[in-house]
Amino acid sequence: MTWVKVCGLTHPADVAAVVESGGDAVGFVLIPSSPRFVTADRAAELAADVPGHSVILTLDLEPEQALDVLGRTGTDGIQPYGDNASAVARAASDAGHLVLYPLRATAGMTLAGLPGIPLLDTPSGSSLGGTGRTFDWALVEGLKEEFVLAGGLSPENVADAVVQVRPWGVDVSSGLELAPGRKDHSMVADFITKAKST
């Protein structure tokens, strides 16, 4: 059964919708430039009653800073971006946290030896991700390692993505939104059902 993370959450009702619909993880963006930004204190509030994984997205933190934020937010997972991403991922993994390691999908890519579960997203200039656009899934067909598929997923295409790519997990944000940071609860339920039943 496909693991599902819904990211970019900013409101308690949206977190509850993910949990009630059977999502495995929720994601909180602690990157100030994002339209889905929440503070560490807000992430702690949102994550407080989540039974599954709670993942924070960070940018350019040092490993010790990242571990401190994980502790302060009470979250158990991290998706690190920036120059220190590898060091943060290793430190978090060594401390027993879930690590989603973001990569831009490219032809012939290898996933062996990465510090965490690879999260494959759409290449887009300097963008960190969250572009709302898919990439050519043929690029990652046949990969043997577990990975999470991201980039432009929605209730309309997630079943096709799971059938074609057979990822370990899927990650969605803008494809379920009414506005940045606000989710459509019926779309959340539809997405999770289709991802898990395909």
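In the predicted model, helices H1 and H6 meet through Ala13, Asp14, Ala17 and Val18 of H1 and His185, Val188 and Ile192 of H6. The axes of the two helices come within 9 Å of each other and cross at roughly 25°. An angle under 35 degrees counts as roughly parallel, and H1 is therefore roughly parallel to H6. The crossing of this pair is right-handed.

Helix H1, residues 12-20, is also among the elements that cover the buried residues of helix H2. Helix H2 spans residues 40-47, and its buried residues are Ala40, Ala43, Leu46 and Ala47. Viewed down the axis of H2, these buried residues fall within an arc of 120°, so they line one face of the helix. Asp41 and Glu45 are exposed and lie on the face of H2 turned away from the buried side. Besides H1, the cover over the buried residues of H2 includes strand E2 (25-29), strand E3 (53-59) and helix H3 (63-73).

Strand E3 contains Ser54. The relative accessible area of Ser54 is 3%. Residues under 20% count as buried, so Ser54 is buried. Neighbours within four places in sequence aside, Ser54 is in contact with Val26, Phe28, Ala47, Thr75, Asp76 and Gly77.

Just after H5, Arg166 takes a positive phi of about 55°.

In soluble globular proteins, nonpolar side chains tend to be buried together. The largest nonpolar core of the model has 47 residues, and the members touching the most others are Phe28, Leu149, Val170 and Phe191. Phe28 is also one of the contacts of Ser54. With residues up to four places away in sequence not counted, Leu149 touches Leu120, Phe135, Trp137, Ala161, Val165, Pro167, Gly169, Val170 and Asp171. Another core, of 14 residues, lies apart from the largest one, and its members include Ala25, Leu57, Leu98 and Val148.

Methods
Residues numbered from 1 in each chain as written. Predicted model: local features only at pLDDT ≥ 70, side-chain atom pairs only at ≥ 80, totals over all residues. Heavy atoms only, no water. Buried < 20%, exposed > 50% of the residue type's maximum accessible area, 1.4 Å probe, protein only. Helix = DSSP H or I, 4+ residues; strand = E, 2+ residues; numbered from the N terminus. Arc of directions from axis to C-beta. Contact = heavy atoms within 4.5 Å. Core = buried A, V, L, I, M, F, W, Y, C linked by side-chain atoms within 4.5 Å. Axes fitted to C-alpha atoms, helices over the stretch in contact; angles between N-to-C directions. Parallel < 35°, antiparallel > 145°, perpendicular 65-115°, else oblique. Left-handed = near helix turned anticlockwise from the far one by under 90°.
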